[in-house]
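Thanks for coming, everyone. Let me put the structure up on the screen.

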Amino acid sequence: MEHQLSRLPGPSDMELVFVVLSPFPSPVTGADLVCGRVKIGQPLARTSEMPMGGVVFSDGIVERGMDWPAGDTVSVTVGDRVVQRLIKA
């Protein structure tokens with residue numbers, strides 16, 4: 001069975017992939033979304049249910065994150081600009 005992130009987007013793919021940091025999926029928490037894809041015309045919208053400490057960030061840079069308090073909704077869409085991230089090995 002292929003995992004939904006088995007193939008990462010190529011340079012010309014107009015989609016995003018995301019991973020939820022510390023989602024703690026379980027029947028108790030109700031967390032069911034741990035990773036996925038966002039495609040053009042299919043935005044991802046989620047409302048925070050964390051009582052405190054919720055943060056939204058991109059590109060793995062937590063220091064640039066924004067507070068995401070309980071009740072606030074974030075919507076992630078594919079933009080019209082392409083950003084390429086280079087990582088020095």
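First, some ground rules. This is a predicted model, so local features need pLDDT of at least 70 and side-chain atom pairs count only at pLDDT 80 or more, while totals for chains, interfaces and linings use all residues. Residues are numbered from 1 along each chain as its sequence is written, and side-chain values use heavy atoms, with hydrogens and water left out.

Now the overall fold. The chain has 0 helices and 6 strands. Helices here are DSSP runs of H or I with at least four residues, strands are runs of E with at least two, and both are numbered from the N terminus. In sequence order, the pattern reads β-β-β-β-β-β.

How much of the chain is buried? Of the 89 residues, 12% are. Buried means under 20% relative accessible area, exposed means over 50%, and partly exposed is in between, with a 1.4 Å probe and protein chains only. The accessible surface is about 7600 Å², and carbon and sulfur atoms account for 57% of that. Those areas come from the Shrake-Rupley method with a 1.4 Å probe; for residues, only the protein chains shown count as cover.

Next, contacts, meaning heavy atoms within 4.5 Å. Take the contacts between residues at least 6 apart in sequence: 45% of them join residues at least 24 apart.

On to the charges. There are 3 salt bridges in the structure. A salt bridge puts a side-chain nitrogen of Lys or Arg within 4 Å of a carboxyl oxygen of Asp or Glu.

Look at E15. E15 sits in strand β1, residues 15–19. Is E15 buried or exposed? With 12% relative accessibility, E15 is buried. Setting aside neighbours within four places in sequence, E15 touches R7, P9, R37, V38, K39 and V78.

Two of those contacts are also salt-bridge partners of E15: R7 and R37. For R7 and E15, the closest N and O atoms are 3.5 Å apart. For R37 and E15, the N to O distance is 2.7 Å. R37 belongs to strand β2, residues 35–39, and E15 to strand β1, so this pair ties together parts 22 residues apart in sequence. R37 counts as partly exposed, at 24% relative accessibility.

R7 has another bridge, to D13, with closest N and O atoms 3.2 Å apart. R7 is partly exposed at 44%. D13 is partly exposed too, at 31%. Through shared partners, the salt bridges join R7, D13, E15 and R37 into one network.

Now the nonpolar side. Which residues make the nonpolar surface patch? They are L21, V55, F57 and V62, and the patch covers about 330 Å². Patch residues have over 30% relative accessible area and no salt bridge; like charges are joined within 9 Å, and nonpolar side chains (Val, Leu, Ile, Met, Phe, Trp, Tyr) within 5 Å.

V62 is in the loop between β4 (55–56) and β5 (66–67). V62 is partly exposed, at 42% relative accessibility.

G65 is in the loop between β4 and β5 as well. G65 has a relative accessible area of 28%, which makes it partly exposed. Beyond residues up to four places away, G65 touches V55, V56 and F57. The C-alpha atoms of G65 and V55 are 6.0 Å apart, with the two residues 10 apart along the chain.

That's my tour.
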